[in-house]
Amino acid sequence: MRKKIILSAIIIVAALIGFKSYQKHEIQQSIAHKILRFHVLANSDSDADQNVKKQVRDAVGTYLRPYLEECSDMEMTREVVNEHMQEVIEVSKDVLRDNGFTYNVTAEITHTDFPEKVYGEYTFPAGEYEALEIRLGNGEGHNWWCVLYPNMCFKGTVYEVVEDEACKELKEVLSPKEYETVFNKGNYEIRFKILEIFR
């Protein structure tokens, strides 16, 4: 009898985990259609490559910021970025050149698989997202990322701190359930005290 109870409990837990995984996937896909991310991949993990990656981030941010302020939706943001893609590449190359680097730069809006990423108090679920991706050299180093639309990148001077205005814009773009998923790491983690079943 005890074995049947344990087996039934395991089946129920497995079913709930499967349902929650499916639910998280659906939520992630829904969120992905509403945001545009910004992704800068460093050439390598050397201190010099990581440092120049941040300088490229800053320079591109300074260049794009006035254009992004005019964007009212994701489609307009995508169009603006595409219109200025060559300038984004040139700005990035200028930073590399000024720092003595000769490796190449590519930039494009593409679909990229991201792991789960934490940005301030927000945790964006793993999955495929559309992103402006800048690749420096081999693009094999640790990357930097943020959310380009709604603009959570270039509101202030400290990129890892999400300002109140950016939080408000994200809340307006996402549904209440989607926002709940990403805010404060969401409420979709499964916590079962499985060991209690075996006591």
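Y63 and Y67 both sit in helix α2, 4 residues apart, which is about one turn of the helix. (Helices are DSSP runs of H or I with at least four residues, strands are runs of E with at least two, and both are numbered from the N terminus.) This is a predicted model, so local features need pLDDT of at least 70 and side-chain atom pairs count only at pLDDT 80 or more, while totals for chains, interfaces and linings use all residues. Residues are numbered from 1 along each chain as its sequence is written, and side-chain values use heavy atoms, with hydrogens and water left out.

How do the rings of Y63 and Y67 sit? Their centres are 5.4 Å apart and their planes are at 50°, so the pair is tilted. (Rings of Phe, Tyr and Trp, the last by its six-membered ring, pair if their centres lie within 6.5 Å; planes under 30 degrees apart are stacked, over 60 edge-to-face, and the rest tilted.) Y67 counts as partly exposed, because its relative accessibility is 33%. (Buried is under 20% relative accessible area, exposed is over 50%, and partly exposed is in between, using a 1.4 Å probe and protein chains only.)

## The helix around them

Helix α2 runs over residues 47–68. There's a bend of about 30° at T62, and the proline P66 follows within four residues. (That bend is the angle between axes fitted to the seven residues ending there and the seven starting there.)

Some of α2 is tucked away: its buried residues include V52, V56, V60 and L64. Among the elements covering the buried residues are β1 (36–41) and α4 (85–98).

## An arginine over two rings

Now for R37, which lies over the face of F114, at 3.8 Å from the ring centre. The charged end of R37 also sits over the ring of W145, 4.1 Å from its centre. (This needs NZ of Lys or CZ of Arg within 6 Å of the ring centre and within 35 degrees of the ring normal.) W145 also forms one aromatic cluster with Y119 and F124.

## Charged partners

The structure holds 6 salt bridges. (Each is a side-chain nitrogen of Lys or Arg within 4 Å of a carboxyl oxygen of Asp or Glu.) One of them joins E178 and K34, with the closest N and O atoms 2.9 Å apart. This pair links distant parts of the chain, 144 residues apart: E178 is in helix α6, and K34 is in the loop between α1 and β1. E178 is buried, at 3% relative accessible area, whereas K34 is partly exposed at 27%.

Notes: Expected span 1.5 Å × (residues − 1). Contact = heavy atoms within 4.5 Å.
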